[in-house]
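Q: I have a model open and would like to go through a few of its local features. Could we take them one at a time?
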Amino acid sequence: MKTLFLIMALSSAIVTSGQKSSPTTIKYPDTPKGQTVDLYFDTQVLDPYRWLEDDKSRETGSWVKAQNELTYQYLSQIPFREALKARMAKLWNYEKISAPFQEGSFTYYYKNNGLQNQSVLYRKNAKGKESVFLDSNTFSKDGTTALGGLDFSKDGTKVAYEISEGGSDWRKVIVMDAMSQKILEEPLVDVKFSGISWKGNEGFYYSSYDKPKGSELSAKTDQHKLYFHKLGTTQKEDQVIFGAEQKRRYVGGTVTEDDRYLVITASTSTYGNELYIKDLTKPNSPIVTIVDNFKSDNTIIENQGEKLFIETDWNAPNKRIVTVDINNPNPENWIDFIPETDNVLSPSIGGGFFFANYMKDAVSVVKQYDYSGKLIREVQLPGIGTASGFSGKKQEKTLYYSFTNYITPGSIYTFEPVSGISSVYQKPKVDFNSEEYESKQVFYTSKDGTKIPMIITYKKGLKLNGKNPTMLYAYGGFNVSLTPNFSIANAVWMENGGIYAVPNIRGGGEYGKKWHDAGTKMQKQNVFDDFIAAADYLIAQKYTASEFLAIRGGSNGGLLVGATMTQRPDLMKVALPAVGVMDMLRYHTFTAGAGWAYDYGTAHDSKEMLAYLKGYSPVHNVKSGIHYPATMITTGDHDDRVVPAHSFKFAAELQEKQTGTNPTLIRIDINAGHGAGKSVAATIQENVDIQSFTLFNMGIEVIPSQNN
C-alpha cells in the first residue's frame with residue numbers, strides 16, 4: 001500500500017500564497033494487480049487493472065467506495081471549501097428562462113427558479129395563464145432522473161419525451177396526452193442516442209440498439225436501428241424502418257415540417273454519413289439513397305415541395321447549403337444555394353428564412369437569406385460572442401436567439417425576421433458585474449508553426465506577475481468547437497482572482513474539416529502540442545507560472561489532460577481530467593466507442609497505429625519515479641459513453657507510480673453518467689471540489705469578501 005505526504009496551505013487574504021504546515025500522510029486504497037496480457041500483432045501489452053472494467057463486480061464496488069472515502073476525506077480538510085460552496089450557490093441562484101416555443105394552442109418554455117436540480121417545463125394558454133407541464137424534479141428523490149429530448153405531434157395534442165435515470169445514455173420514452181397530461185401507454189425502454197420525430201399524430205420515429213449481453217453500462221453497442229412506434233401499440237410491435245440489414249452504429253430519422261418526407265442519416269463513426277429519404281405520402285414508398293458513403297457530413301435541413309436544401313461539407317470543408325430535386329438527388333446534381341466561405345457555417349431555418357451562423361475565429365456572425373438565396377441582412381448581434389437560435393416553424397413571425405460570452409450571462413433576444421428588429425426578451429439577474437472583467441483573444445504559435453487562437457478572461461487590472469491561478473481548458477476533437485460561453489463556475493473562479501483561458505486547438509471544428517482532420521489519428525499529437533503551447537504562452541507572457549497552472553478537460557478533453565500531464569508533468573501544478581478516454585488500446589471495445597475510430601484509429605488497424613496510440617495513451621504512459629501534478633480525476637459510476645474503467649485504471653496507475661508529495665485522487669459520482677442531466681446540486685458541488693482542490697494545491701486560500 002503506497003503512502004504519500006500532503007502539504008497544507010493556509011492564508012488570511014482573499015487570494016494569497018499559503019504558509020506550508022506539517023505534512024499529513026495519505027494511504028491509498030489497495031489496488032491489486034492482475035496478469036492480463038493482450039497480444040496486438042506481435043506486441044504483448046500488460047493490462048494489470050483489467051478487473052476494474054467489471055462494473056458489476058463486488059471488488060470494483062468496494063474499490064470505488066474506498067477511493068471516494070479517501071477523496072472526500074481529503075476535500076473536507078480544505079478550510080475554504082464550504083465558503084466557496086456558499087458563494088457559488090448564491091451566484092447560481094437566479095431565475096433562468098429558455099426561449100419559448102409554440103405547440104398547438106400553447107406556448108412552452110423551460111424555467112429554473114435558481115437552485116432547482118432540474119429545469120421545469122411550463123406552458124401558457126392563449127389567455128396567458130401559466131401552469132407546470134413537466135417537472136423533472138419530481139421524477140426522482142435525489143434529482144438524478146432528468147428530462148431528455150421531447151417532441152410534440154403535429155397538432156400539439158400529444159407529446160413523447162425521454163427520461164434519463166442516473167445519467168445513463170439509455171432512455172425511457174413516455175407518451176402523454178398534452179391536453180389532459182395523462183400518460184397514454186407503457187413507456188418505451190432501452191432507447192439510446194435517439195431523437196423523437198412525429199409523423200402527423202399517429203406515431204413517431206426513434207432509434208436504439210438491441211439490449212447488449214452483459215453489462216448495459218459497458219457492453220459494446222454497434223448496430224443502431226430506426227423504429228416507428230404507432231400510438232396504441234406495444235413496443236414489441238414497433239416496425240424497424242432502417243438498420244436491420246445495414247449495420248450502422250448511428251442511425252437517425254426526422255420528419256420534414258410539411259410531414260411529407262422521412263429523412264434518414266446513417267453512419268459508422270462520429271464523422272461522415274449516408275443520407276436517405278422516404279416519401280411518406282405514398283404507401284410502401286422505397287427508401288431512396290442520396291449519399292451512399294461516409295466521406296462527408298450531410299443533413300437535409302428544409303424542403304420546398306420536391307426541392308431539398310442540404311447542409312454538407314462535401315467538396316466544402318467549411319460547409320455550404322445546396323439544393324437538389326428529390327427525383328434526381330445524387331451529389332453530382334447539387335447546386336450551391338449558400339456557397340462555402342472562409343468561415344465555418346452552421347445554418348438554421350425559421351419564419352420563412354435561412355440563417356447562416358458563421359464562426360469567425362470562434363465567434364458568431366449571422367446572415368439572413370430568403371428562399372431564393374438572396375442575402376437579406378447581416379444580423380446585428382449584441383456584441384462579440386456566441387449567438388444561437390434563429391430557428392422555428394415557417395409561419396412564425398417572431399424568432400428567438402441567445403447571446404453570451406465568457407463575461408456576459410446568456411440572454412435571450414427576440415428577432416422579427418421581416419423587419420430585422422431585435423430586442424431583449426429575457427436578461428438574467430446574476431450577481432456578477434461583467435464590467436469588472438475582460439476577455440481578449442490572442443494568437444500563439446504551436447510546435448509546428450500553426451497559429452492557434454485563444455481567449456483569455458480575467459478581472460480587469462490583473463498584474464502579469466506570473467502568480468495568477470490559471471485554468472486552461474480545451475477539448476480538441478470530434479469537430480467540436482469551443483465558443484465563448486458564460487459559466488457561473490468560471491465567474492466564481494475569476495471573481496477570486498483566477499484566469500480562465502480557452503485555446504481553440506486542432507481536432508475541433510473552429511476552422512472546418514481541415515482543422516478537425518489535423519487533430520485525428522496519426523496527427524493526434526498536434527492536439528497535445530497545441531495545448532502545451534498554450535500553457536507555454538501563458539507562462540511566457542507572465543499570466544501565470546507552472547506552479548499556478550491547472551489544466552482541465554472532459555471526455556476527449558479528459559484524454560487531452562491525461563496525455564498532456566504524462567508528456568509534460570512539469571508544465572502544470574494541477575491536472576483535472578474528467579470522464580476521460582484514457583485507455584486508447586481498448587476504448588473501442590466499450591459501448592459505442594468503436595464509433596470514435598474516425599478521430600482515433602484503433603489498435604487493430606495496423607502496427608503503426610498501435611504504436612502511435614500506445615505512445616500517448618494515458619494509461620500506458622504513467623511511469624515510475626515521475627513527479628506528476630496534483631491530480632483529481634472525475635467520473636460517474638453510470639457513465640455508459642466513456643465507461644469509468646478508463647478513469648479507474650488511470651487512477652490506479654498514477655497512485656502506484658506517483659513520486660513526490662502531489663496527491664492523486666479520483667472523485668466518482670454515484671448514479672451519474674457522462675454529464676447530461678446532472679442535478680444543479682451535484683454540479684455545484686463538483687465545481688466547488690474542483691476549484692477547492694486546485695487552489696489548495698497551488699498553496700492559495702480563498703476567503704470570499706464580505707460583500708459577497
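Q: Which strand holds Lys111?
A: Lys111 lies in strand E10, residues 106-112; strands (E, at least two residues) and helices (H or I, at least four) are DSSP runs numbered from the N terminus. This is a predicted model, in which local features need pLDDT of at least 70, side-chain atom pairs count only at pLDDT 80 or more, and totals for chains, interfaces and linings use all residues. Residues are numbered from 1 along each chain as its sequence is written, and side-chain values use heavy atoms, with hydrogens and water left out.

Q: Is Lys111 buried or exposed?
A: Lys111 is buried, with a relative accessible area of 14%; buried means under 20%, exposed over 50% and partly exposed in between, with a 1.4 Å probe and protein chains only.

Q: Which side chain does Lys111 join in a polar contact?
A: The side chain of Glu130, at 3.3 Å. A polar contact is a pair of N or O atoms within 3.5 Å; within protein, one must be able to donate a hydrogen and the other to accept it, and residues adjacent in sequence count only if both atoms are side-chain atoms.

Q: Now E43: how many of its residues are buried?
A: 5 of the 5 residues of strand E43 (residues 574-578) are buried, so the strand is largely enclosed by the rest of the structure. Val574, Leu576 and Ala578 cover one side, with Ala575 and Pro577 on the other.

Q: What about E42 and E43?
A: Strand E42 (residues 549-554) pairs with E43 in the parallel sense over 5 bridges; pairing requires at least two DSSP bridges between two strands. Ala575 in E43 is the bridge partner of Ile551.
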